[in-house]
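This report describes a single protein chain and moves from its overall architecture to selected residues. The sequence and the model are shown first.

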Amino acid sequence: MPGSRSFGLRAAALLITCGLPPSGTGPAMADDIDWRDVHQRVESGEYVPLATVLDWLEARYVGQVIEVEMEREDGIPVYEVEMVGPQGQVVEFEFDAADGSLIGIDGTGLRAMERQ
């Protein structure tokens, strides 16, 4: 069922974004971003929920999310989402976490991933 699979991807991606290592030893995010701070900012509306970004991607591209990170680039909080496409291509999408806008795409074979 597509909806339940998407939910599973979102949940897995959220764990990756929050930087919870498999051992459960504590948060570890790029640039020392604290997952509690990210959660609070999402709850307050300062950041868009990761699910919003993943829904946007799912509506426009075919592929599987393989990694999600949150970093700061020039002071801007950025969701980085890597997807693998139907031909094995890997594409990274970058979104401004504050407003959810797409700010960059890196990779090849993007056209083959576009939904018709």
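## The salt bridge between E46 and R41

E46 counts as partly exposed because its relative accessibility is 41%, where partly exposed denotes the range between buried (under 20% relative accessible area) and exposed (over 50%), calculated with a 1.4 Å probe on protein chains only. The side chain of E46 meets that of R41 in a salt bridge, with an N to O distance of 2.5 Å; the term denotes a side-chain nitrogen of Lys or Arg within 4 Å of a carboxyl oxygen of Asp or Glu. R41, at 23% relative accessibility, is likewise classed as partly exposed.

## Basis of the description

The model is predicted, so that local features are reported only at pLDDT of at least 70 and side-chain atom pairs only at pLDDT 80 or more, whereas totals for chains, interfaces and linings use all residues. Residues are numbered from 1 along each chain as its sequence is written, and side-chain values use heavy atoms, with hydrogens and water left out.

## Overall architecture

The protein contains 3 helices and 4 strands, which follow one another from the N terminus in the order α-α-α-β-β-β-β. Helices (H or I, at least four residues) and strands (E, at least two) are DSSP runs, numbered from the N terminus.

Of the 116 residues in the protein, 31% are buried. The exposed surface comes to about 6,800 Å², of which carbon and sulfur atoms supply 53%; accessible areas come from the Shrake-Rupley method with a 1.4 Å probe, and for residues only the protein chains shown count as cover. Among contacts (heavy atoms within 4.5 Å) with a separation of 6 or more, 42% are between residues 24 or more positions apart.

## Other salt bridges

The structure holds 4 salt bridges. One of them joins the side chains of R36 and D34 at 3.3 Å, N to O; R36 is partly exposed at 48% relative accessibility, and D34 is also partly exposed, with a relative accessible area of 32%.

Another salt bridge links R111 with E114, again with an N to O distance of 3.3 Å. R111 is exposed, with a relative accessible area of 67%, while E114 is partly exposed at 28%. Elsewhere, salt bridges that share partners join D37, R41 and E46 into one network.

In soluble globular proteins, nonpolar side chains tend to be buried together.

Beyond the residues up to four places away in sequence, E80 touches E67, V68, E69, E71, E73, E92, F93 and E94.

W56 belongs to helix α3, which covers residues 50–60, and is partly exposed at 27% relative accessibility. With neighbours within four places in sequence left aside, W56 is in contact with Y61, F95 and L102. The C-alpha atom of W56 is 9.2 Å from that of G100, although the two residues are 44 apart along the chain.

G100 is placed in the loop between β3 (90–96) and β4 (102–107) and is partly exposed at 22% relative accessibility. Not counting residues up to four places away in sequence, G100 touches V48 and F95, and the C-alpha atoms of G100 and V48, 52 residues apart along the chain, are separated by 5.9 Å.

D74 occupies the loop between β1 (64–73) and β2 (76–84). D74 is not a glycine, yet has a positive phi of about 55 degrees, and at 81% relative accessibility D74 counts as exposed.
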